[in-house]
Amino acid sequence: MDPNLKAKIDQACRTAEEFTKVYYESVDKKRHLISKLYLDTGLLTWNGNGITGCEPIQKFYIELPSTDHTVVTLDAQPVYDMAVNGQLTFLIQVSGHVKYQNKSAKTFQQSFVVTALGDKWKIVSDCFRLQEPLSAEK
Amino acid sequence: ISFDIEDDVARLPPSKQTFLCCAEGQAIMRKFMEQYFIIFDSDSRKPLLQAYHENALLSMTMAYPYGQNSRNPPFLTWYATDNRNLQRVTDSERRAKMLKHGNLQIVTFLDEMPHTKHDMNSFTVDLSLFTPQLLLVTVTGIFKEPAKQRPPLRYFVRTFVIVPSGSGYCIVNEEVHISNATEAQIKEAFKTPTVEIVPPTPATSPNLNTSGGGGGPSSSAVPVP
């Protein structure tokens, strides 16, 4: 394997570990700081509801019932260079379970695109889905 | 007497089946999904070779949903071997090795996966990014493994990074997550019969051509509004 790619895969995995730690700690315990993790133009897609930009995302999280996330699986890859103009960007996918206001746990899956902006990692896209049938969600 | 704030029930925003960051991406998405999953459910997944970039990356994770475990059926054993869960796979060599690299390795892997039939009506589709350089799509849904005696129902989440290629599109990154369907999902699965769709001819299927194709499926199997 190309050593360049190998190094990027390594970095993607380590970044994913650090990122998810920070992200779920923020969502569960420091919600007022969550928008700092997103790009100004960042997008949150929560169960099919799209929320764009730091301020609306911040507002969405403040209104969401309190959460307690447990990560079960984590996966990460470097995004193909040509698709992102060579900008260091990772695709991260998480699964686990989440309790809302100490109610029973629900299974969730979430995928992120995270990119380097200066010396900080920022979320370009955050896509969250609860594992539930559609009709029950309606 | 209790305090008002403690009585507040966990009220979550209602879910939506589809999110499109950009209406323009809808037609491309729809065609991509139809063609991809028709081939995926067919007897051979080899035509998907053209759907992946020669340097594409694919990885898979699997987990039982909350309340299920590996001691009770249906088992997810087949998917356990390639489970690239970074929580458990901590060695950097293995992390690189478990990433499928290149369309040949990817399609060989996909072709070995158990035979599937997807319930297109169960699909959720989120198009998060749509730029001239790339599309970012997350699809979730239910499939069954019809070859098994008591076909188990699975739940999948697949995130694709797709780039323009020639007159069509191809996948450069994909992360697959496989789980079992929950009791609630089993009740709703395969309720609406899907229209039988004639598989696309090889001439139009391989590169998920979205421009001027013709010959592709005429009816929409995926509920993209």
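**Close-up 1. B:Phe190, in the segment after H6 of chain B.** In this predicted model, B:Phe190 lies in the segment that follows helix H6 of chain B. Take a look at its backbone: phi is positive, about 50 degrees, although the residue is not a glycine. Is B:Phe190 buried, exposed or partly exposed? B:Phe190 has 17 other C-beta atoms within 10 Å, so it is partly exposed.

**Close-up 2. A:Asn85, in a loop of chain A.** Here we visit the loop between strand S3 (67-78) and strand S4 (89-100) of chain A, where A:Asn85 has its place. Phi of A:Asn85 is near 50 degrees, a positive value in a residue other than glycine. A:Asn85 has 9 C-beta neighbours inside 10 Å and therefore counts as exposed.

**Close-up 3. The hairpin of S1 and S2 in chain A.** Strand S1 (residues 38-46) and strand S2 (residues 49-52) of chain A run antiparallel and are joined by four bridges. Follow the chain from one strand to the other and you pass two residues, which makes this pair a hairpin. A:Asn47 sits in the turn and has a positive phi of about 45 degrees. Across the pair, A:Trp46 stands opposite A:Asn49 in S2(A).

**Close-up 4. A:Lys30, between helix H1 and strand S1 of chain A.** A:Lys30 is found in the loop that links helix H1 (3-29) with S1 of chain A. Is A:Lys30 buried or exposed? With 11 other C-beta atoms within 10 Å, A:Lys30 is exposed. Now look along the chain to A:Leu5, 25 residues apart from A:Lys30: the two C-alpha atoms are separated by 35 Å.

**Close-up 5. The stretch of chain A that carries a UniProt domain feature.** The unreviewed UniProt entry places the feature "domain: NTF2" at residues 15-130 of chain A. Over residues 15-130, the chain is 22% helix and 52% strand.

**Close-up 6. The open sheet of chain B.** Seven strands of chain B make up an open sheet with mixed pairing, in the order S1-S4-S5-S6-S7-S2-S3. S1 and strand S3 (100-101) of chain B each have a single partner strand, so they stand at the edges and one side of each is left without a neighbour in the sheet. Within the sheet, S5(B) and S6(B) run antiparallel and are joined by 10 bridges. One facing pair to look for is B:Lys144, which stands opposite B:Leu153 in S6(B). Two helices of chain B also pack on the sheet. Helix H2 (residues 25-40) touches S1, S4, S5 and S7 of chain B, and its direction makes about 145 degrees with that of S4(B). Helix H5 (residues 103-112) touches S2 and S3 of chain B, and its direction makes about 40 degrees with that of S2(B).

**Close-up 7. A cis peptide bond in chain B.** B:Pro73 and B:Pro74 are joined by a cis peptide bond, with omega about -5 degrees. To find the spot, look in the loop between S2 and helix H3 (77-80) of chain B, where B:Pro74 lies.

**Close-up 8. The side of chain B that touches chain A.** How many residues does each chain bring to the contact? Chain B gives 51 residues and chain A gives 50 residues. Several elements of chain B each supply at least two residues to its side, among them strand S2 (52-62), helix H4 (92-97), strand S7 (168-180) and helix H6 (183-188). By type, the residues on the side of chain B divide into 22 nonpolar, 22 polar and seven charged.

**Close-up 9. B:Thr138, with contacts in both chains.** B:Thr138 is found in strand S5 of chain B. Its 24 C-beta neighbours inside 10 Å are why B:Thr138 counts as buried. Leaving aside neighbours within four places in sequence, B:Thr138 is in contact with A:Ser111 and A:Cys127 from chain A, and with B:Asp126, B:Ser128, B:Val157 and B:Thr159 from chain B. B:Val125, 13 residues apart from B:Thr138 in sequence, is 5.9 Å apart in space, C-alpha to C-alpha.

**Close-up 10. The largest nonpolar core.** Nonpolar side chains tend to be buried together in soluble globular proteins. The largest nonpolar core here has 88 residues, and those that touch the most other members are A:Ala16, A:Ala76, A:Ile92, A:Val114, B:Val137, B:Val161 and B:Ile162. H2(B) gives the most to this core, with eight residues. Not counting residues up to four places away in sequence, B:Val137 touches B:Met29, B:Val125, B:Asp126, B:Leu127, B:Phe160 and B:Ile162.

Terms used
Residues numbered from 1 in each chain as written. Chains lettered and ligands numbered in written order. Predicted model: local features only at pLDDT ≥ 70, side-chain atom pairs only at ≥ 80, totals over all residues. Pairing = 2+ DSSP bridges. UniProt positions renumbered as here; feature names shortened; annotations may be inferred. Contact = placed C-beta atoms within 7 Å. Nonpolar A, V, L, I, M, F, W, Y, C, P; charged D, E, K, R; others polar. Axes fitted to C-alpha atoms, helices over the stretch in contact; angles between N-to-C directions. Buried ≥ 20, exposed ≤ 12 C-beta atoms within 10 Å, placed from the backbone. Core = buried A, V, L, I, M, F, W, Y, C linked by C-beta atoms within 7 Å.
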